[in-house]
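Good morning, colleagues. Please look at the structure on the screen while I take you through its sheet, a pair of helices and a disulfide.

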Amino acid sequence: MDYGLFKNGFPGEMITNESVSVVKTHEWGPYTRNKFGRAVLLIRSPGDSIVAEFNRRSGGHIGFASVGYNPAGRSRAMEMSGSALARPKYHIQWCRPLHYIERPEGRPIIGLVSFPGSGNTWLRYLLQQATGVYTGSVYMDYGLFKNGFPGEMITNESVSVVKTHEWGPYTRNKFGRAVLLIRSPGDSIVAEFNRRSGGHIGFASVDRYTRANGKYWRQFFYDKLTAWREMTLDWLHNFPGPIHIITYEDLVSNLPHTLLSILHFIELPVTQADLNCAVRRREGIFRRRKRKTKLQPFTKEMKVQLEYEWNNVFAQINSLIDQNSSSYL
């Protein structure tokens, strides 16, 4: 759902049935292909299309990416210019000054892997609080870039971990180690639905769930539930390197122990004082607060599917752990 398009002449966003002339997609693979009976394949020269997408991620559908230079010598895809962009919206008190890893030679690139809505940004915040080391990302989110995460688009060894929501061999092969953050599919799907409407800490309004008798929410739910399963199992079964599995629920209920286990896995030292500081400042600004609402987004059928997928994934996790695979810590 692109709300910029939805509000400006394209009310068919999220409509994928026969009532529209064509359905836009950038996806591939059997799951996507099997949805369609015919297809128009639009191809542009790779150079022009890559530059256009680079511009879109920076300046929207009709804007441009600015030219920037990073004096530290690290590769950064985009820099912001202008006082409005350069001025942070929030002030974050860090436990220690933030920095890049000075001599990262020989250190593996470590993925921080999760399905959208699983708490990836919150965990990045906690890692930066505890270690003072920037975290990276395969994405450029300017809201994060301006507010404590200058490692956006940095994907090398100079950052502690690199955020990704992607899966498949092309993505997996970029990393030597991975932290796999799993959240219950229902909570992560709702969190992602909220993010697309209200940003990192906002909420989707009730009418987003109920519009057109809930058709758009139902389609979003089932599409994302399938993606949640596919992404999690792809990393679980196909990543060849060491992988550390944690749940968002453990992070919430036992933060000191869970955070310390991650720090040991990514091999970054932390003092007890810094760990205590990170725990004390655990909320930060990028963790969505709970809201009181009578909205019940899940039908009985949805709840059955959620329970099945959750149990199925964790049965496979437990099976792999029982096999004493050296890739699991």
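This is a predicted model: local features need pLDDT of at least 70, side-chain atom pairs count only at pLDDT 80 or more; totals for chains, interfaces and linings use all residues.

Ser137 stands opposite Lys163 in strand β3. Strand β2 and strand β3, which spans residues 162-164, pair in the parallel sense over 2 bridges; two strands are said to pair if DSSP finds at least two bridges between them. Helices (H or I, at least four residues) and strands (E, at least two) are DSSP runs, numbered from the N terminus.

Residues are numbered from 1 along each chain as its sequence is written, and side-chain values use heavy atoms, with hydrogens and water left out.

The open sheet has 5 strands in the order β2-β3-β1-β4-β5, with parallel pairing. At its edges are β2 (136-137) and β5 (243-247), each pairing on one side only. Helix α5 packs on this sheet, touching β1 (110-114), β2, β3, β4 (177-182) and β5. Contact here means heavy atoms within 4.5 Å. The direction of α5 makes about 145° with that of β1. Helix α11 also packs on the sheet, where it touches β4 and β5, and its direction makes about 165° with that of β5. Axes are lines fitted to C-alpha atoms, for helices over the stretch in contact, and angles run from 0 to 180 degrees between N-to-C directions.

How do the two helices meet? The axes of α5 (residues 120-131) and α11 (residues 255-265) come within 11 Å and cross at roughly 75°. The two are therefore roughly perpendicular to each other, a term for angles of 65 to 115 degrees. Among the residues in contact are Leu123 and Leu127 of α5, and Leu259 and Ile262 of α11.

Which cysteines does the disulfide join? Cys95 is joined to Cys277, with S to S at 2.1 Å; the rule asks for cysteine sulfur atoms within 2.5 Å. Cys95 lies in the loop between α4 (83-86) and β1, and Cys277 in helix α12 (residues 272-280), so the pair ties together parts that are 182 residues apart in sequence. The torsion about the S-S bond is about -95°, so this disulfide is left-handed. Both cysteines are buried, that is, under 20% relative accessible area with a 1.4 Å probe, protein chains only.

Finally, the protein chain as a whole: its secondary structure comes to 13 helices and 5 strands, and buried residues make up 43% of its 329 residues.

Technical notes:
Angles under 35 degrees count as roughly parallel, over 145 as roughly antiparallel, 65 to 115 as roughly perpendicular and the rest as oblique. Buried means under 20% relative accessible area, exposed over 50%, partly exposed in between (1.4 Å probe, protein chains only).
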